[in-house]
Amino acid sequence: MYGTKVGMLKDVLASVKDGNLSDPNKELNKTGRVILKNGLVIDPKNQVEEVLDVAILGDEIVEVGKDIYVEKGDLVIDCEGLLVVPGLVDMHLHLGDLFEVSTDPIYGAVANGVTMGLSPGAGNTFMAPALLGAEVDRGLPINIGLYQGAGSVLSTMLSVEELIKLYKGELEEDIASSKMTRNGITNTTAPLIVGIKDHMGHFIMSDENIDKIFEITSKAKLMYMTHTQDPDHASRLVELSKGRPIHLGHATAAGCGTHKDAAESMKFIIGLCKEENVTGEFVTTMLRKGGGSREGLILPKKSQELAYEALEKGIVDILISDGQNDATMKGFGDTRDNIPAILELAEMGVLSLSNSVATMTYNPARLIAEGTGNSWWTEKVGHLGKGALANVTVINDKVKSAAYTIVNGEVVGFESRTVRRGSGAGGFVSKFGMVKRMGVGDLVMFSYRR
């Protein structure tokens, strides 16, 4: 009836041959590599912007070059016409917050190309690393870490000096169990945070307590992030920092006019970011030409122009989403706007494409490396060089979305949706680096002998 011969795929797919089950994958001598072929590789750290192949083995990048030879058993992903960039690092993204019962912001973020998210809302207890770590053990498709809430840091009997020792991993067991908590799991995992965040919307802290937090973060080498919306709060925090490092979270929120004149507030916050000890971040949604998601705050045109100028001059060089529309704790933006914002900033000439990609790849990795004093962040995160963690975001710039999201060598997202087989690909991130399993989720099932 039909003249075209379609044929069969018995050399590729499971089938039946000679009356027996045929498993072609079993017969392959697999190298275990994943090769991304012929994509436009944009790696700001290594100053690469060229059509190349990227080879992944396990959870690391092992080679970047032209025409990497494909061996029998390699998995090949055709990236012709696509952008291949380091996995997006969203250093301010509410994930796994308390009461996040019926929504899946983690999976939404992954579908939108995020490979690492640092959550400020999940950390309002010393138990947060254990609770979030247990979720990693049970299977998450993302590398995830957190900031502890400043209010909870000062909630125990521990002194500032003892809290500094805690976050260095040096606090004595008897002090932890007598002055912090009787929970051994909490005591063990409490140091595994990236930083501390104060939030004027949750707790208004005294000058004395804010100074204590600065003492802890500066001496324990933790990030200090503040909730930036009211210019008066930002000004107060910078004054209290006394030259110690402070990071202004979602700084564009101040330019939305919720507390004072929008443009004047934006100008004021940008001025603070010029100070040597102050860094800031802008929300991707607020930078989009069309305004982005309307579930968060809207940045007026004049404030937006001031933000563009600050990006162009390098006063601020980090972008974040702050939230995900499927979350209960939405924040001011949405991960769906990350890739479009990166591409639109380049299209508008605000940044070069490489510099725009850097705002959510190498730049946050560099900032966290500086803040924590740990070079792991720049050695393993935010670039595509040999030995880096195999976190890659493959972008279809024609439709401004993630074609593939790869976390630790596993494809966890495809065409703006998650791939369920990648649910265990992620790891837990702290200022000290990353572990693939925390052990908390397995504690009741297994007993290990060393």
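Select α10 and α12 first: the two helices are roughly parallel to each other. The angle between them is about 15°, and their axes lie 8 Å apart. Angles under 35 degrees count as roughly parallel, so this pair qualifies. Remember that you are looking at a predicted model.

**Stop 1: where α10 meets α12**

Color α12, residues 301-312. Its crossing with α10 is right-handed. Now show side chains. On the α10 side, pick Ala262, Ala263, Met266, Lys267 and Ile270. Their partners in α12 are Lys302, Ser303, Leu306, Ala307 and Ala310. What kinds of residue make up this contact of α10 with α12? Seven are nonpolar, one is polar and two are charged.

**Stop 2: the other neighbor, α9**

Which hand does the crossing of α9 and α10 have? This crossing is left-handed. Select Pro231, Ala234, Ser235 and Val238 in α9. They meet Ser265, Phe268, Ile269 and Leu272 in α10. The contact of α9 with α10 holds six nonpolar residues, two polar ones and no charged ones.

**Stop 3: the nonpolar cores**

Next, look inside. In soluble globular proteins, nonpolar side chains tend to be buried together. The largest nonpolar core here has 109 residues. Select Met91, Leu166, Tyr167, Ile196, Leu248, Phe282 and Trp377, which touch the most other members. Which helix gives this core its largest share? Helix α10, residues 262-273, supplies six residues.

**Stop 4: helix α15 and the glycine after it**

Move to helix α15, residues 362-372. Its buried residues are Asn363, Pro364, Ala365, Leu367, Ile368, Ala369 and Thr372. Step just past the end of α15 to glycine 373. This glycine takes a positive phi of about 70°.

**Stop 5**

Most residues other than glycine have a negative phi. The next two go the other way. Select aspartate 18, where phi is near 50°, a positive value in a residue that is not glycine. Where does aspartate 18 sit? You will find aspartate 18 in the loop between β1 (15-17) and β2. Is aspartate 18 buried or exposed? Aspartate 18 is exposed, because its relative accessible area is 79%, and exposed begins over 50%.

Now jump to lysine 221. This residue is not a glycine either, yet its phi is positive, about 60°. Lysine 221 belongs to the loop between α8 (207-220) and β12 (223-227). Its relative accessible area is 36%, so lysine 221 counts as partly exposed.

**Stop 6: serine 22**

Finish at serine 22, in strand β2, residues 20-22. Buried or exposed? At 7% relative accessibility, serine 22 is buried, because the limit for buried is under 20%. Which residues does serine 22 touch, leaving aside those up to four places away in sequence? Show Lys10, Ala14, Ser15, Val16 and Lys17 around serine 22.

Key
Residues are numbered from 1 along each chain as its sequence is written. This is a predicted model: local features need pLDDT of at least 70, side-chain atom pairs count only at pLDDT 80 or more; totals for chains, interfaces and linings use all residues. Side-chain values use heavy atoms; hydrogens and water are left out. A nonpolar core is a set of buried Ala, Val, Leu, Ile, Met, Phe, Trp, Tyr and Cys residues joined through side-chain atoms within 4.5 Å. Buried means under 20% relative accessible area, exposed over 50%, partly exposed in between (1.4 Å probe, protein chains only). Helices (H or I, at least four residues) and strands (E, at least two) are DSSP runs, numbered from the N terminus. Axes are lines fitted to C-alpha atoms, for helices over the stretch in contact, and angles run from 0 to 180 degrees between N-to-C directions. Angles under 35 degrees count as roughly parallel, over 145 as roughly antiparallel, 65 to 115 as roughly perpendicular and the rest as oblique. A crossing is left-handed if the near helix is turned anticlockwise from the far one by less than a right angle, and right-handed if clockwise. Contact means heavy atoms within 4.5 Å. Ala, Val, Leu, Ile, Met, Phe, Trp, Tyr, Cys and Pro count as nonpolar, Asp, Glu, Lys and Arg as charged, and the others, Gly among them, as polar.
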